[in-house]
Amino acid sequence: MRDVHRLEPGAANLAGGTVLAAWERFVQGEDQVPDVRPLVAISWHRCREQYRVDPHLTEAPVAVAEPSHTPEHDVVFAELGFRAASVAHEVGNLGGVVTVTDATGRILAEWGDQATLARAGDSNLAPWFCWSECAVGTNGMGTALEAHGPVPIRGAEHWCQTLHNWVGAGIAVRDVVTREPIAVLNICCWRSRLPASTESWLANAATMTQYPLKRRARDSGAELVAAYTQARARSGAALAAVDAAGKVVIADDMASVLLGVPARTPAIDPTLRWNPGLPELITAARYATRQAAHNPDWVGSTQIFAHLADEPTSISIRPVFSSGHVIGTLVSFGTSDGAQLPQAEAAAHPRAQPRRLVAMRDNRMVLLRLPEVSFAESQGNDVWLSTDQGRLRAASSSLDKLEGELADVGFLRVHRRYVANLSRIREMERGPKGELSLVMDDRANEMVPVSRRNAPAVRRALGI
C-alpha cells in the first residue's frame, strides 16, 4: 500500500467523545444523532430497527451457510487474497490485520500482526466467522456489503460496544451486472489510526479486481446477442435477451414496445444495458437464473404487465449458458412454454420493506413514516423526497433501489425520475398533448409527470 510504511500507528482515543455519547443515546432509543456521519447513522438504524443486533454482543457467530458461487467469484477471492497478502507485512508493522470475506460476511482468510490477530480472536475476528451487519452490526466488513465505495468505521461508530477499540475500513467488490456483492477486502487496527492512504488503496484494489469481471460481462453480452440472433431466426414470437439482473441486452421491434426500450440496439456493455422498469420481469429473470443453476434444462413461463398493455402478457423464459454458467435468459412474448413460475415467488424471497424511510437534513438523520412521503425524485446523483417536513435528501442514492424497497407498500414508478405514493395522489390532469400529470395532496399540490410508457400501470394501480 502506497505510503503505509511512512505512517506510524497512534493512539486514537476511540472510545470517547461525541460519537460514543451519540451511540449511547441511540442504543437507548433516541433517533436524532447529529454528531454521527450519515453512513454510520443509517447503519445504526438498520442494526437497531431491522436486524435487531444486541449492541452488547461480545463475539461474532459462526457462519452457518456457504453461498454458491461461480468460478469467476473464485477468481475474485484469489485476486483479493493476493492483494491482501501483498500489504500484510506493511499493515502488520502497524499492528493491523487484513481480511477477505465472501458475500455473506464470512471471513475466508486473514493476514497481519500476530499479536493483533490473537486479540482479534477474542471477538471471533477469524476465518469461518460471520461479520455481516445482521450478525454483528456496524463494522468495516459488514457495512461495506451494504454500501458502495470504501467504508471506514472508527471506534464508537461500531454498533457492538466490544468493538469500540477497533478502527477498520472495507470495500465490497460487486458483480458488474447484478451489483450484488461478491467479496469484501478489509483492513483494521486495534487502538490505532489507519494509514491515510487506506481508502484510496482499497478503492484501487476493488477497481483492479473488477476489470476481469467487466471483460467477462461484455463477452457475456455478446454471447446473449448471438443466442438472441439464433433464436430470432427460428421463431416469430416477440423476443428479447435479458441479463441476470433483468436488464435488456437486445429486443426486437415488438418486444421493444412491450419493454419500453430501443429496438434492435445491442447493449453489450453492462453499464449501458436497458432498464425496462418492470419489477415482475426482474423477479422472473432472477428466479430463472437460480433454477437453471440447478437444472440446465429448465424452461419457465409466467405473466407480466408490460408497457402499453392493460392486461398481463404471457412470457416464456429460456436460460442462456456460457461455459456452464447462466449469463441471462431469452424472453419470448405471447408464449407459455415450460414450468409455471410460482405465484408466491415474491413472497418466498421478500424484499426488506422499510417501516420508515431514512432521509438527511444537514447532518441529521430524519426517520419518515411512509404516509409522510408524497413522492421521490431523482436529481443528478441524489434522490429527493417530497415530505410533510419539506424536501429532504434520501439516504438512498438510487431511485431504482428505492423503487424496489417501496414497490409492495403502495409506491409506484410513474416516470424515469419519479416514484409516487399512490395514497397521496389527489387528481390526474391531462395536458394539451394528452400527457398525464399527478396532482399530489401535499401543501403545494405539486405535480408529478407520468411518462407515456408508465401511464397504463398508473391507471391500473388507481383503478381507472
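# Asking how we know

Q: Which residues of H9 are buried?
A: In this predicted model, Leu281, Ala284, Ala285, Tyr287, Ala288, Thr289 and Ala292 of H9 are buried. Each of them therefore has under 20% relative accessible area. A helix has 3.6 residues a turn, so residues three or four places apart point the same way.

Q: How does the reach of helix H9 compare with the span expected at 1.5 Å a residue?
A: Helix H9 covers residues 279-294, which is 16 residues. From its first C-alpha to its last it reaches 24 Å, close to the expected 22 Å.

Q: Why is Thr99 called buried?
A: The relative accessible area of Thr99 is 0%. The cut-off for buried is under 20%, so Thr99 with its 0% qualifies. Thr99 sits in strand E1, residues 96-102. What does Thr99 touch, leaving out residues up to four places away in sequence? The contacts are Ile107, Ala109, Glu110, Leu125, Met141, Val184, Leu185 and Asn186.

Q: What makes E2 and E3 edge strands?
A: Let's begin with the whole sheet. Five strands form an open sheet in the order E2-E1-E5-E4-E3, with antiparallel pairing. Strand E2 (107-112) and strand E3 (151-154) each have a single partner strand, so one side of each has no neighbour in the sheet. From one strand to the next, the twist averages 15 degrees.

Q: How do you know that E3 and E4 pair?
A: Two strands pair if there are at least two bridges between them, and E3 and E4 have four bridges. That count therefore meets the cut-off. The two strands run in the antiparallel sense, with E4 spanning residues 166-174.

Q: Which helix lies across E3, E4 and E5?
A: That is helix H7, residues 198-234. H7 runs at about 20 degrees to E4.

Q: How do you know how many disulfides there are?
A: A search of the whole structure finds zero. Take Cys130 as an example: the closest cysteine sulfur, in Cys134, is 5.9 Å away. A disulfide needs two sulfurs within 2.5 Å, so 5.9 Å is too far for a bond.

Q: Are Cys130 and Cys134 buried, exposed or partly exposed?
A: Cys130 has 11% relative accessibility, so it falls under the 20% cut-off and counts as buried. Cys134 has 48%, which lies between 20% and 50%, so Cys134 is partly exposed.

Q: What makes strand E9 "mostly covered"?
A: Seven of the ten residues in E9 (313-322) are buried.

Q: How do you know which strands E9 pairs with?
A: Count the bridges. Five bridges join strand E8 (residues 300-304) to E9, and eight bridges join E9 to strand E10 (residues 325-333). At least two are needed, so both E8 and E10 count as partners of E9. Both pairs run antiparallel. Thr302 stands opposite Ile315 in E9, while Ile317 stands opposite Val331 in E10. E9 and E10 form a hairpin with two residues between them, and Ser323 in the turn has a positive phi of about 55 degrees.

Q: Why is Leu438 called buried?
A: With a relative accessible area of 0%, Leu438 is below the 20% cut-off and so counts as buried. Leu438 is found in strand E20. Its contacts beyond four places in sequence include Ile425, Met428, Val448 and Val458.

Q: What makes up the sheet that contains E20?
A: Three strands form an open antiparallel sheet in the order E19-E20-E21. E19 (425-430) and E21 (447-450) are the edge strands, each pairing on one side only. The twist averages 30 degrees from one strand to the next. E20 (residues 436-440) pairs with E21 over four bridges, and the bridge partner of Leu438 in E21 is Val448. Helix H12 (residues 455-462) lies across E19, E20 and E21, at about 140 degrees to E19.

Q: Which residues touch the most other members of the largest nonpolar core?
A: Of its 42 residues, they are Val33, Val36, Trp44, Leu125, Trp131, Trp159 and Met365. A second, separate core has 27 residues, including Val91, Val98, Leu194 and Leu213.

Methods
Residues numbered from 1 in each chain as written. Predicted model: local features only at pLDDT ≥ 70, side-chain atom pairs only at ≥ 80, totals over all residues. Heavy atoms only, no water. Axes fitted to C-alpha atoms, helices over the stretch in contact; angles between N-to-C directions. Contact = heavy atoms within 4.5 Å. Buried < 20%, exposed > 50% of the residue type's maximum accessible area, 1.4 Å probe, protein only. Expected span 1.5 Å × (residues − 1). Core = buried A, V, L, I, M, F, W, Y, C linked by side-chain atoms within 4.5 Å.
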